[in-house]
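Here is a short briefing on one protein model. Look at the sequence and structure first, then read on.

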Amino acid sequence: MEHLVDWSRAQFALTAIYHFLFVPLTLGLSFIVAIMETIYVTTGDEKWKKITLFWMKLFGINFAIGLATGIIMEFEFGTNWANYSWFVGDIFGAPLAIEGIMAFFLESTFFAVMFFGWDRVSKKFHLLATWLVAIGSNLSALWILVANGWMQHPVGMAFNPETARSEMTNFWEVLFNPNAYTKFLHTISGGYITSALFVVGVSAWFLLKGRQKELAKKSILVAASFGLVTSIYNITTGDQSAYVITHDQPMKLAAMEGLYEGKKGAEIVAFGILNPKKDLTNDEEEFLLHIDIPYALSILGYHKLDAFIPGLKDLVYGNSEYGIESVGSKIEKGKKALAALKAYKEAQKEKDLNRMKEALNQFRKYEKYMGYGYLEKPQEAVPNVPITFYSFHMMVGLGIWFFVLMIVMLYKTMMGTLERSRFWLKLALFSIPLGFLANELGWIVAEVGRQPWAVQDLLPVKIATTQISTTAVMTTFWLFAVIFTFLLIAEVKIMTTQIKLKAKEA
C-alpha cells in the first residue's frame, strides 16, 4: 500500500512539474503580447506588429505543447486518485467544470482569431481577441487554483455520512476562500515574472549576437517594465499568502521556517542551513548556520511584533498556554469519528433508527477530526521539513534577484547603455531557467508543505489513492516521464529554432 501511494504521488508530481513548466509562460507571455499589439494598434508602427508576431509565435508553441500535460493531469484524478475524487468530487469538480466551459472556451474561440485573423478582421477586433486569449488563460488558472485552494483550506462544504462525500454548501465561500485567491494572485504574478525573464533573456541574446537590436530593445522595454511591476506585486501577494498560511496551515509555516520551538517575536530566517540531526525527538539546534531578520515572522503572520508563532513541537505535542491541541489528541478524536461513522453505516443497513441517530450525534461531535483518525502516529502530521524549507527560501531569494534584474535592465535600456553591458545581458540570458525554477519551488512549498493531507485535516494522501496495481502506476510513471521529456525537448528545440531564424533575418 505504501509503495502504491508513493508511486501515485510521484506520478502526479511528475505531471504537475512538467505541466507547470509551460503554464507560467502562457500566463504572462499572453499579456506581454497583448501589450505589444496594443502599442502597434495605437501607434500604427509596423515594427511593433513584427515584434508582436514574433513573440506570439513563441506563445503559440508553448500553449500547444503545454495543453497536452494539463489534460493528462486532470485524467489522473480519476485513474490514480479515485477515493479523493469520490470524497471531493461535488466541490472539486465545479471549478474545473467552469474552467472548461468558461476559460478554455474563451481561449480556444479567440485563439484562432489571434493567430489566423490578422488579414481577416479589423485591427481592433484582432486586438480584442488577443486580450481575450490572455484573460482566458488567466481565468483557467483562477478556477484551477480555486480548486487547489479548497484542498489547502476546505470551506463552504459539509460532509454527508450517507454517501461519505463532501458536498458544497456555499459556492461563494469556495470561490472567495482566502487561500484560493491569495494563491491565484501569487501564482499568476510568478508566471508574469517568468514570462518577462523569458522575453528579456531572449532579447539579451539578440543583443549579445548583435542581431535584431531594435526588436530586442523594444521588447526589453516592455518586458522589463511588466516584470518590475509584477515583481513588486509578487512580493505583496507573497506577504498575503504567508499571512493566510499562518492562520490556516501553521504546520506548513513552521516547516517553511524550520521552526521547531514556538516563540513570541519570531524571526524570519533570511539564510540558513538546517541541522540534519534535528527532529522532533531531540534538543539539537535547528540550524548549523543561519542569518535572521528579528520579529519578521511575527509581523508577517499576525502583523504584531510580539505575536506567538507555534513551532512543530507545539503543533504536534500541543501547547496549553496558547490553546494548541496535540496531534495525538486529534488522532484519538478522529478514530472516534471514524468508529461512529462505521456504526452509523451498520445501523443504517439494519434500519435501526435509534442507533443511527446516536452514531450520527457521536460522529458530528468529532467530525472535524475525521482525517486524523487515519494517522497512526502524531509525527505523520509533519511535512518534509528540509524540502519545504529550502524550496521556500530559494524561491524567495530568486524573487529578490528578479526584482533587482528588472530594475537594472529597465534602467540601462532607458539610458541607452544596455547594449554595452554584456555582463548584465549574460545574467539576463542565464536567468531564463531561474524563473521556471522559482515557480516550481513555489509549487513544491504549496504541495509538500501540506503533507500528509490531500485535503487539509480531512483526507490524508494515503487514503485518497485508487486501489490499483503498483506496477501499473510505475509503468505509466516511466511512460509519462519519457513523453513529457520528449515534449519539453521538442518545445525547446522548436523555440530555439524560431529564435535563431529570427536572428538571421535582415
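How much space lies in the second largest pocket? The answer is about 1100 Å³. This is a predicted model: local features need pLDDT of at least 70, side-chain atom pairs count only at pLDDT 80 or more, and totals for chains, interfaces and linings use all residues. Residues are numbered from 1 along each chain as its sequence is written, and side-chain values use heavy atoms, with hydrogens and water left out.

**The second largest pocket**

- A pocket is an open set of points on a 1 Å grid over the protein atoms alone, where a 1.4 Å probe fits, with protein on both sides within 12 Å along at least five of seven lines.
- Its volume is the space filled by probe spheres set on the points, which are joined across faces, edges and corners.
- The lining of this pocket has 47 residues. Lining residues have an atom within 4 Å of a point.
- His186, Gly238, Phe392, Met395 and Val396 lie nearest the pocket's centre.
- Helix H13 (385–415) is one of the elements that supply at least two lining residues. H13 gives the most, with 11 residues.
- Helices (H or I, at least four residues) and strands (E, at least two) are DSSP runs, numbered from the N terminus.
- By class, the lining has 26 nonpolar, 17 polar and four charged residues.
- Ala, Val, Leu, Ile, Met, Phe, Trp, Tyr, Cys and Pro count as nonpolar, Asp, Glu, Lys and Arg as charged, and the others, Gly among them, as polar.

**Helix pairs**

- Two packed helices are described by the angle between their axes and the distance between the axes.
- Axes are lines fitted to C-alpha atoms, for helices over the stretch in contact, and angles run from 0 to 180 degrees between N-to-C directions.
- The axes of H6 and H14 (residues 422–430) come within 7 Å and cross at roughly 140 degrees. That makes H6 oblique to H14.
- Angles under 35 degrees count as roughly parallel, over 145 as roughly antiparallel, 65 to 115 as roughly perpendicular and the rest as oblique.
- Trp205 of H6 and Arg422 of H14 are among the residues that make this contact. Contact means heavy atoms within 4.5 Å.
- The axes of H4 (residues 123–152) and H15 come within 10 Å, crossing at roughly 40 degrees. H4 and H15 are therefore oblique to each other.
- Leu145, Asn148 and Gln152 in H4 meet Trp443, Ala446 and Glu447 in H15.

**Backbone details**

- Gln451 and Pro452 are joined by a cis peptide bond, with omega about 15 degrees.
- Tyr295 has a positive phi, near 65 degrees, and is a residue other than glycine.
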